[in-house]
Amino acid sequence: MSDLTPTSSRPGLHVSKPSPSEPATASAVCHCGATATAKGDAQVGALVAGWNAHHGPAHKE
């Protein structure tokens, strides 16, 4: 499997939760230059909500 971590040349959002007993992790890189990381289910949920509201699909190129 290839590395799914977003980069400035491959912007996006990546969320991982290896098992139900482990915390979720996420990383995001937007084409506008914003970056973020989160660890823990609540923080990852907040990152995803912020990404959806202000980056990714919110940006119209």
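Select Cys 32 to begin: with a relative accessibility of 45%, Cys 32 counts as partly exposed. Buried stands for under 20% relative accessible area, exposed for over 50%, and partly exposed for what lies in between, using a 1.4 Å probe and protein chains only.

Before moving on, note that this is a predicted model, in which local features need pLDDT of at least 70 and side-chain atom pairs count only at pLDDT 80 or more, while totals for chains, interfaces and linings use all residues. Residues are numbered from 1 along each chain as its sequence is written, and side-chain values use heavy atoms, with hydrogens and water left out.

Stop 1: Is Cys 30 buried or exposed? Cys 30 is buried, since its relative accessible area is 4%. A disulfide is a covalent bond between the sulfur atoms of two cysteines; here the test is a pair of cysteine sulfur atoms within 2.5 Å. Searching the whole structure gives zero disulfides.

**Stop 2: the fold.** Switch to a cartoon view. One helix and three strands make up the list of elements in the chain, and along the sequence they follow the pattern β-β-β-α. Helices (H or I, at least four residues) and strands (E, at least two) are DSSP runs, numbered from the N terminus.

**Stop 3: Ser 27.** Select Ser 27 in strand β2, residues 25-29. Ser 27 is buried, because its relative accessible area is 15%. Which residues touch Ser 27, apart from neighbours within four places in sequence? They are Thr 5, Pro 6, Gly 12, Leu 13, His 14, Ala 36 and Thr 37; contact means heavy atoms within 4.5 Å. For a distance check, pick Arg 10, which is 17 residues from Ser 27 along the chain; their C-alpha atoms are 12 Å apart.

**Stop 4: Gly 12.** Next select Gly 12, in strand β1, residues 12-16. Gly 12 is also buried, at 16% relative accessible area. Beyond its neighbours within four places in sequence, Gly 12 contacts Pro 6, Ser 27, Ala 28, Val 29 and Trp 51.

**Stop 5: the whole chain.** Zoom out. The C-alpha trace spans about 40 × 25 × 15 Å along its principal axes. Buried residues are 25% of the 61 in the chain. Of the contacts between residues at least 6 apart in sequence, 17% join residues at least 24 apart.
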